Amino acid sequence: MSLDHKWQKYWEETRLFNAEDVSAAKKYYVLMMFPYPSGSKLHMGHCKNYVIGDVIARYKKMQGFNVMHPMGWDAFGLPAENAAIKFNVHPSDWTKNNIQVMTQQLKNIGICYDWSREVTTCEPDYYRWTQWLFLKFLEKGLAYKKKKEANWCPKCMTVTANEEVIDGACWRCKTPVTKKELDQWFFKITDYADRLLEDLKGLTGWPEKVKIMQENWIGKSFGVEIKFMVKETGDELPVYTTRIDTIFGVTYLVIAPEHPLVKKLVKGTEYEAKVNAFSEKLKMTPEMERTSDASKKEGFFIGRHAVNPVNGEAVPIFVANYVLLEYGTGAVMAVPAHDQRDFLFAKEYGLPVRVVISPEGKKLDPVSMTEAFVDAGVQVNSAQFDGLPSAKGIVSIADWIAQNGFGTKTVKFKLRDWLISRQRYWGAPIPVIYCDKCGIVPVPENELPVKLPHTVNFKPTGAASPLAAIKEFVETTCPKCGGPARRETDTMNTFICSSWYFLRYADAKNDKEAFSKAKANYWLPVDQYVGGVEHAILHLLYARFFTKVLFDLGYIGFSEPFTNLFTQGMVLKDGAVMSKSKGNVVLADPLIEKYGADTVRGLILFAAPPEKELEWSDQGIEGIHRFLGRVQRFIDPRMELLKNAAWKIEGGKLEKEARDLYTALNKTVKKVRDDIENSFHFNTAIAALMEFVNHLYTLKEPAVGKAKQDFDAVLGLAMKDILLCLAPFMPHNAEEYWEKAGGKGSIFLQKFPAHDPAFITDDSAVIVLQVNGKVKSKITIQAGMADAEVRELALKDSKIIEALAGKAPKNVIVVKNKLVNIVAAS
RNA sequence: GCGGAAGUGGCGGAGCUGGCAGACGCGCUAGAUUCAGGUUCUAGUUCCUUCACGGGAGUGGGGGUUCAAAUCCCCCCUUCCGCACCA
C-alpha cells in the first residue's frame, strides 16, 4: 500500500476529522463552496480549492479547535440534465456516479472531510427541506407568483434570474437570452435590499471587491418620483429621477415600449401598430445586442404629450429602446442638456435642448453643445431656484416638489425580485397545488417531500417543465377541499438548494427538521468560507438573503452566514480557466501517481499565493519533490534525536551554537504561523520551511560537551517542529515521519508549534553602512547596540573612510539593527 | 465610460509600519559523484562594463517628497476582473 493510501485509510478509519457536536473546544467551521458533480475528473483547478480549505482545517485542528470541514454536492441543475440527455442516461444515475468518482479523487489528494455530514441536494432527504423552506417563504409572503416577462434562455429552454444573466447571455451556456412572458414564482429579495446593503458594512472579513460588487448589484439610489400627466387622456405618468435639479430642462418624455400605459395611450391611433412592432422587435432582440452599442438610440413620438407639473409645460412623449421597463417607473423625463443618453437621442431626432445647469463661470450654448453637461453647476432657467448651486438645488427642488404634491422623494434599487421557477426536470419540485376552487394551495408539510418522479422523458419542451407531461405527477387532490387539483410542474432554481446547505451540515442527518436551531447556532456562522469570486453576486447574495429570512423567522440566531470569505484565484492553462469543455485540463491523478499527493499539494500551494490566479505549469514540481527528499535525508540519520526530542527548551541556558539554531527555529515557526493566519500565504510559509531546512544542512554540530548536548536537543526539537509545521501542507509525509519517530497517535492531535517570543532576534546584527545612500560596507554588531556606538563604529570603518575620501559627514542616520547612512557633500 | 486589482530577473514569485531589491523554487552554467543517464552534492546566475578589484544602471513610463522609495504623492501607459443606456 502506498504511503498516501496508508494514511488516507487511517484518517477514514479513525474518523479523525469528524466534528463533534458537543465539545469543550472552541468550534471552527471551515467551508468550501460545494461542487457540482460534473463528472470531470479532478483537475488542478479543483485541487487548488480543496487543498486551500484542507490546509486551514488541518491547521485549525492542530490549534485545538473543534473543526467542522464538511463536503457535499450541488447536485441538481441543468448540466446533469444536459449531459444525461447527451449520453442517454438518467440524471440521477449520472449524478450518483459522478459523486462516487469525485469523492475518491478528493480522498486521493488527502482532503480531510467529515464525510458523515455529506449532503446531496438532489436526494429527497435534502430537498424535502428545500421544499419546506419554500413553504415558509410562501407563508411569510416572501414567495409569490406573477406573470412577467422574464429572461429566457433559448438553449436551456427555461427562464433565468437576473443574476444569472451575464453580459446579456446565459451564465451557463453563454447563449444570448431573450424575453418571454410566463407565470413565474419569485422570491421577494427586494424586501431585504436595504439590509443586504447595510449589513455589508459589518462583513469586515470579506474582500472589499466582493462587497463592492454586491453593493453595485443592489444599486441603491436616492431620487424623486415626479408625477407627469398625459395631456390628452389625463393618465398619470410618474417618472423617477436622481437629478431633480434638472426638472426645468425637460423637453420630452420617454417610456419603455413595453410599458402597459403605452398600449392604452396608442390604442386606436395611427401609432398603435408601430409601437407593437417596435416592442415585439425589442423582445426578440437579445439583450446583449440591445445594449451593446450605447450610442444607437432608437424611438419615436407616440402622438401624446405630458404636462410637467413644475411649470405646466406640455412636452412630447416618445417610446425608445434606451428606457427599461424594469427600472424605476419604466419612464423617464428627458433632459438632453444634462444627460448624455437624452442628448444623443435629442440630436438624433431634432429635439430641443434646454440648459438649466450652468458650469461655474461659463455659459452653455444649447446649439453648439457636443455632449451633455452632467456635472454639478449653478441653476439657471429654473424659476425661483436660479442662482442656486445645483447640489443645493437637488435638495430644495425635491422639498418644494414634495410640499406641492408634484411628487415624492423615493429610494430605488436595481435589485429585482429573484425569479426561482425553472421549466426543467432536474430540480426540486415547487410544493404547491392548484385547485380550481381554492386557488394556490401549499402542499402540507407532512406530505413533503414532493418527490421528483423518476421519468425518462425529461427533455425540455420549451413551454412547460417536462413534469407537466406526467399525468400521475400532475393530477392530485386539493389538500383543502379534496377536489381534483394539479401540481405545480416547474422546479426550483438550484441556487435555492445552495442557499442553505451550510446550515444542513450542522445537522445533516436530522429527519425531523431542516436543522436543529441549537446545532445551527453552535456551528454557524461559518468561520471561513472559501470559493470562487464568480459567485460574488449569485450564490453569496442568495445565501445572505436566506440567512436573514431564517433569522427573521426565528430559526437561527444570526443574520449573516459567513464571517470570513476568501476568494481563491483560478487555475489557468494557456490563458484560460481550466475546464473540460475547453479541453485544457491538467488532471491530478497522473501527477499524484508519479510524485505522491503531498508533492502535488505542495506545488499548488507553493506556486503562488492562493488568492492569485495561477497559470499552470509542471515546472517546479521537482523542487517540491526534492524538498521532501531533503527533509527525509536530514531526518533519517538523526531519527534518534527526533525520537528523544523535548517539547520545550529553555532558550536562556543554551550554548551559543544551540541558541542560534533555536532562534532560527523560532523565527521560522513564527513566520509559518503568521503567514497562515494573516493571509493564507502558504507559498511564503513553505519557503520559510525550505529556507530553514537548507540552513540545517549548513550547520556544523559541535563535537563534544554541553555545546553538543544543547545542539542535539535543539536539533531534535527543530525536526519535530518542521514535521508539525509541514503537516497541514504535506500531511501524508508528516504522519509517516511522526509514526517512525514513535509519535503516539496522529500528528494532527498534536499542537501546532508556537514560537518562543524571547528568542526571535539574533544576538548579533549585520549593519549596512551607506554613504549617500549607497552601500559601501557591512559590520556585525551586538544586537541592540546604542545608536551613538554604532555611529562611532561606522565612521571608523576603513571602507567608509575610503569612500568619504576626506569629506566631512554632514549627517549620519542610524536605523537600529539595520543600517547607517552617512550623508556627505558630493 | 464607471468601479476594482495588478505591472519586480529567462520563469513562478519574495520584499513587514520607507532602510542591503530579487527570499524560496524552477531553469540555466561550471564542477564533483556515476560506465552512462538519472539522483545527489558544491559553486555561480538582474543587466551593462571590467582579465579582475571595482564602477554604472535597474522594480511599466515620467515627475516629486526624503539622508533613503518597489513601498508615499501627482501625471501617464499597459493588462486582468467586475458593472455598464439603472434615469
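Guide: What follows is a set of questions about cysteines, cores and cavities. This is a predicted model, in which local features need pLDDT of at least 70 and side-chain atom pairs count only at pLDDT 80 or more, while totals for chains, interfaces and linings use all residues. Residues are numbered from 1 along each chain as its sequence is written, chains are lettered from A and ligands numbered from 1 in the order in which they are written, and side-chain values use heavy atoms, with hydrogens and water left out.

Visitor: Why is Cys-112 called buried?

Guide: Buried means under 20% relative accessible area, exposed over 50%, and partly exposed in between (1.4 Å probe, protein chains only). Cys-112 has 3% relative accessibility, so Cys-112 counts as buried. Cys-122, at 11%, therefore counts as buried too.

Visitor: What makes a group of residues a nonpolar core?

Guide: The members are buried Ala, Val, Leu, Ile, Met, Phe, Trp, Tyr and Cys residues joined through side-chain atoms within 4.5 Å. The largest such core has 192 residues, and those with the most contacts inside it are Met-44, Phe-134 and Trp-418. A second, separate core of 45 residues includes Ala-306, Ile-357, Ala-398 and Phe-406.

Visitor: Which residues does Phe-134 contact, leaving aside its neighbours within four places in sequence?

Guide: Contact means heavy atoms within 4.5 Å. Among the partners of Phe-134 are Trp-185, Phe-187, Ile-420 and Met-492.

Visitor: What makes a space a cavity?

Guide: On a 1 Å grid over the protein atoms alone, a cavity is a set of points where a 1.4 Å probe fits but cannot get out; lining residues have an atom within 4 Å of a point. Grid points are joined across faces, edges and corners, and a volume is the space filled by probe spheres set on the points. Three cavities of 30 Å³ or more are found. The largest has a volume of about 200 Å³, and Gly-77 and Arg-422 are among the lining residues closest to its centre.

Conventions: On a 1 Å grid over the protein atoms alone, a cavity is a set of points where a 1.4 Å probe fits but cannot get out, and a pocket is an open set with protein on both sides within 12 Å along at least five of seven lines; lining residues have an atom within 4 Å of a point.
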